[in-house]
Amino acid sequence: MTAREIDREYYDSSDYFEGSGAHHIVDVDSPFQQYRLEKVLALHTPHPGERVADLGCGWGTFSFALADRGLDVVGVDFSQRSIEFCEDRRAQRGGGARPEFLCADAGDTGLPGASFDTVVAADLFEHLYPEDSRRVAEEAFRLLKPGGRFSTWTPHRGHILEVLKNRDILLQRDPTHVDYKSMERMRGLLTGAGFEIERAYFAESHVPGLRAAERLLQRWVPLLRRRIAVLGHKPVGGGAP
C-alpha cells in the first residue's frame, strides 16, 4: 500500500473506526482518552456558550466532551463512517441534536467564516499530507472570529515510541499516520496561515513510568518529547494571510 492510498476511501472502507484496536479510543473513560481530554483542554479551554469546530472529529471524543460542557460544537470529518459513528453515539446518548456533525473536508468545510470562537484539531495533522495540512490551517483561520483560537495536538515524530513504530520494531506502525510533524513545522503551519503563536510546548505521554521520565528529561532528550501542543490565535483585525 502506498501512502497516497490513505484517503477518504480508506477510512470509509476499512475497520478503522470499529476495529478491535479502536477500543481504547472509543471508550471515553479509558486512561488514554482521559489523558487526551485533560491535555488538550489544558492547552486551551473554551468557555461555555462559545462555538467550537472540531476538525477531524473521528470518534467524536472532543465534540461530545465540549458539548457536555455547554459549548455549541460542530464536529467535522471527511469520513462518512466517522460521521455515522458519531451520529449513532449521539442517538444512544439522547439529549437532542447536539453536538452537530458534518461530513466535509477539514480543509474546505463550507461552514461560515468568522463564526467560531475556537477550532480544535486534536490528533489530526499526523493524518494529513503536507498540502492538506496547509489547507486545514488556512481553513481554521477562515472559520475563526478575530481573537479566536486554534488548538492543535499531534504526536512528535522524534519520540522513541514513534521511532520504533515507524521502523516496525516492537510496536505496530499506523498506516494512517502519513506525515508526522515537528514542532518547527507545526508552528510554521499556523504562522503561515496568519496565526500568532500563543503557546507551544511538548507534552508527556499517558504511560506512567515513561511519563515521569519525559517530565524530567524531555528538555534535553528529544526522544522523550511525546506530543506537540501548539495554540494560535487569529489577530484582531486579521484578514487573509
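Predicted model: local features only at pLDDT ≥ 70, side-chain atom pairs only at ≥ 80, totals over all residues.
Tutor: Residues are numbered from 1 along each chain as its sequence is written, and side-chain values use heavy atoms, with hydrogens and water left out.

Student: Why is the aromatic pair of F32 and Y35 called tilted?

Tutor: Rings of Phe, Tyr and Trp (its six-membered ring) pair if their centres lie within 6.5 Å, with planes under 30 degrees apart stacked, over 60 edge-to-face and the rest tilted. F32 and Y35 lie 6.2 Å centre to centre with 35 degrees between the planes, so the pair is tilted.

Student: How do you know whether F32 and Y35 are buried or exposed?

Tutor: Buried means under 20% relative accessible area, exposed over 50% and partly exposed in between (1.4 Å probe, protein chains only). F32 has 11% and Y35 has 7%, so both are buried.

Student: What makes K234 count as sitting over the ring of F141?

Tutor: The rule asks for NZ of Lys or CZ of Arg within 6 Å of the ring centre and within 35 degrees of the ring normal. The charged end of K234 meets it, 4.8 Å from the centre of the F141 ring. Ring pairs also link F141 with F125, F150 and F195 into a cluster.

Student: Why are α6 and α8 called oblique?

Tutor: Angles under 35 degrees are roughly parallel, over 145 roughly antiparallel, 65 to 115 roughly perpendicular and the rest oblique. Helix α6 (residues 130-143) and helix α8 (residues 183-193) pack at about 50 degrees, and they are therefore oblique to each other.

Methods
Axes fitted to C-alpha atoms, helices over the stretch in contact; angles between N-to-C directions. Helix = DSSP H or I, 4+ residues; strand = E, 2+ residues; numbered from the N terminus.
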